[in-house]
Amino acid sequence: MPPPSSELTASPSDSLPPKTATGIAGLDEILLGGLPAGRTTLVRGGPGTGKTVLALEFIYRGALRGEPGVYVSFEETVATLRQNARALDWDNVESLEQDGRMVLFNPDLPATLLQTGEFDIQGLLAILDGHIKKIGASRIVIDASDVLLRLFRTTEDREDQLFLLYQWLAKRKQTALLTLKISGEQPSTYDRHEYMADCVMHIDNRVAGQIATRRLRVIKYRGSGFLSNEFPCLIASGGMQLMPISRSELETHEQDQVSTGNSGLDLLLEGGYQSGTCILIAGSTGTGKSILASEFAVAATQRGERVLYVNFEEGLGSFIRGMRSAGLDLASPHEQGMLHILAALPEMLGSEEHLLRLFRIIEEFDPAHVVVDAISACQRMGSEAVAFDFLVRLLNHCRSRGVTCIYLNQVEPDRSSHWISGVGISSLIDALMVLEQKWPGGSHVRSLLIIKHRGNRHSHNYHSFRITDDGIVIDERDSVSSSGQKEPS
Amino acid sequence: MSHAEPVAQANEKRPAIHLKLFVAEGEPNSTIAQANLRKLQRVNFQFDLAVEIVNVLDDYQAALEHRVLVTPCLVLHTPLPRVMIVGTLSDQEKVIGALRLIEQERLVEQEPTE
């Protein structure tokens with residue numbers, strides 16, 4: 001196990017093994033260059049974690065940069081693979097196949113096999129050899145290698161075949177990527193797998209605080225260092241994206257807490273928001289998300305920090321009037337040029353144009369913070385995938401400039417399990433708050449819950465609040481839930 | 001077999017069963033399978049066993065065409081239905097059964113009685 005204190009398990013040096021860049025956004029940084037060239041890497045994880053996308057993208061990026069590759073899937077048909085590629089906006093896969101730059105191959109495994117005596121995977125290897133020679137491949141993927149091994153009944157047979165496969169790959173100097181589906185307990189065959197591979201990566205899809213997050217972790221890399229954290233992992237149009245944010249980068253932001261503009265919330269967050277991070281505020285309509293964001297905006301401009309408020313829900317006039325009724329004066333900072341309110345209809349432009357426009361404004365206006373009200377409306381730019389792509393790219397752009405992102409997300413009432421549904425960016429969120437409202441016995445009760453605040457202490461209770469003429473007032477009396485005492489966090 | 005006929009004469013009339021044995025030449029399992037198949041050929045059936053040995057290391061297209069991923073692999077392709085047996089063919093009874101050699105033999109035997 002690498003020491004948890006250090007980012008690098010070994011310093012990069014001249015003795016590093018030769019590497020093959022995968023071309024996957026963020027992954028090569030984590031692997032300090034790429035996969036071990038001419039050697040075998042294992043990607044393991046549960047179903048639906050994105051192993052196939054990663055593996056397919058490895059072949060696709062290789063084909064684009066003149067390193068032909070063979071993709072063997074024991075699970076999906078060639079037609080499905082092409083469909084997956086199109087869904088990721090890789091429109092040229094079929095022409096790459098025709099040009100002999102990549103081969104997609106789905107061996108037809110017999111459902112039942114009449115068997116008498118021992119056998120081995122030489123037939124498959126011969127076919128692969130043929131494909132490799134035909135296109136001069138240097139990359140190969142064997143997706144769902146577990147399915148192939150299931151042809152063999154005993155553990156010894158499986159291990160023998162695995163050994164045969166690894167030896168064969170090594171002899172052909174292929175930069176190989178094998179995927180292995182694991183669920184629950186790990187049979188010992190998998191240990192052999194990991195022992196034989198030169199590099200092992202693990203992807204999982206965990207649900208914590210009702211937020212599903214894909215994460216990738218490098219388990220081992222023979223002869224090389226790697227970034228040893230868990231990295232959020234996204235699948236958006238264009239392919240897989242990993243965020244190689246090192247802990248040290250996060251730490252530099254930690255000192256920089258800024259007031260939320262609401263003294264009650266500052267107390268609950270033990271200081272305020274961390275500038276340069278991403279804060280997600282979710283809640284159904286009328287819960288006070290925009291007010292909370294506007295309070296922050298007003299306070300920031302008073303500190304001399306410029307704020308860009310992108311409003312996809314309301315026009316400029318009605319937004320300013322609405323906030324005035326909650327005691328917030330947005331007109332003044334707007335006129336002073338400290339607050340830039342951009343009211344836009346999501347469907348007016350494509351996501352690309354929206355993004356370019358925002359990048360331009362961020363460049364010229366140079367805000368310290370950006371509010372997007374609300375990210376749920378971004379689906380109207382086209383689709384969920386488009387919205388996702390837009391939000392991730394905006395977030396990355398802001399993050400690289402140290403700009404705080406406050407994303408508001410409007411969710412359906414009483415569907416708490418779908419708080420973040422439809423935008424799937426939760427893995428990139430540093431802080432998450434949920435606003436709820438209920439009408440017990442005819443009275444209107446609003447409450448706020450902080451679900452996460454990365455790297456910081458925060459309250460873990462529900463706190464009731466009111467929307468007054470003077471903004472949001474969080475009740476001094478603590479929790480409204482029956483969960484009892486405030487935790488010492 | 002009770003109804004042993006002169007071989008030369010039988011070859012002219014007996015229908016043939018076409019088999020392809022896919023091997024990885026030189027691999028132990030493949031070598032054993034070839035020997036076991038030769039033993040089977042020496043048994044006198046109602047059918048001729050027309051055997052073609054395909055070395056997948058030389059001819060991967062044939063393996064691709066016949067969807068042969070593992071070797072050794074014996075494929076019966078005429079008459080249909082197609083049968084695929086993998087392994088060293090060590091259990092001769094099983095192979096004979098799978099290739100329908102017995103069943104077809106019995107059918108032929110039964111015909112005169114009906």
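A salt bridge of 3.5 Å, N to O, joins the side chains of A:Asp129 and A:Lys133. The model is predicted, and the salt bridges over all chains number 21.

**Around A:Asp129**

- Both A:Asp129 and A:Lys133 belong to helix α5 (residues 122-135) of chain A, where they sit four residues apart, about one turn of the helix.
- A:Asp129 has a relative accessibility of 14% and therefore counts as buried, the cut-off being under 20%.
- A:Lys133 has a relative accessible area of 64%, so this residue is exposed.
- The side chain of A:Asp129 also meets that of A:Arg172 in a salt bridge, at 2.8 Å, N to O.
- This second pair links distant parts of the chain, 43 residues apart: A:Asp129 is in helix α5 of chain A, and A:Arg172 is in the loop between α7 (155-171) and β8 (175-181) of chain A.
- With a relative accessible area of 27%, A:Arg172 is partly exposed.

**Other salt bridges in chain A**

- The side chains of A:Arg457 and A:Glu270 form a salt bridge of 3.0 Å, N to O.
- A:Glu270 counts as partly exposed, at 36% relative accessibility.
- One network, made of salt bridges that share partners, contains A:Glu75, A:Asp146, A:Arg150 and A:Lys181.

**A sheet with strands from chains A and B**

- Five strands form an open sheet with mixed pairing, in the order β6(A)-β4(B)-β3(B)-β1(B)-β2(B).
- At the edges are β6 (114-115) of chain A and β2 (48-55) of chain B, each of which pairs on one side only.
- Strands of a sheet pair through backbone hydrogen bonds, and the pairing is either parallel or antiparallel.
- Strand β3 (residues 73-78) and strand β4 (residues 83-86) of chain B run antiparallel and are joined by four bridges.
- B:Cys73 has B:Val86, in β4(B), as its bridge partner.

**The helix across the sheet**

- Helix α2 (residues 28-41) of chain B lies across β1 (16-23), β2 and β3 of chain B.
- The helix α2 of chain B runs at about 165 degrees to β1(B).

Methods:
Residues are numbered from 1 along each chain as its sequence is written. Chains are lettered from A and ligands numbered from 1 in the order in which they are written. This is a predicted model: local features need pLDDT of at least 70, side-chain atom pairs count only at pLDDT 80 or more; totals for chains, interfaces and linings use all residues. Side-chain values use heavy atoms; hydrogens and water are left out. A salt bridge is a side-chain nitrogen of Lys or Arg within 4 Å of a carboxyl oxygen of Asp or Glu. Helices (H or I, at least four residues) and strands (E, at least two) are DSSP runs, numbered from the N terminus. Buried means under 20% relative accessible area, exposed over 50%, partly exposed in between (1.4 Å probe, protein chains only). Two strands pair if DSSP finds at least two bridges between them. Contact means heavy atoms within 4.5 Å. Axes are lines fitted to C-alpha atoms, for helices over the stretch in contact, and angles run from 0 to 180 degrees between N-to-C directions.
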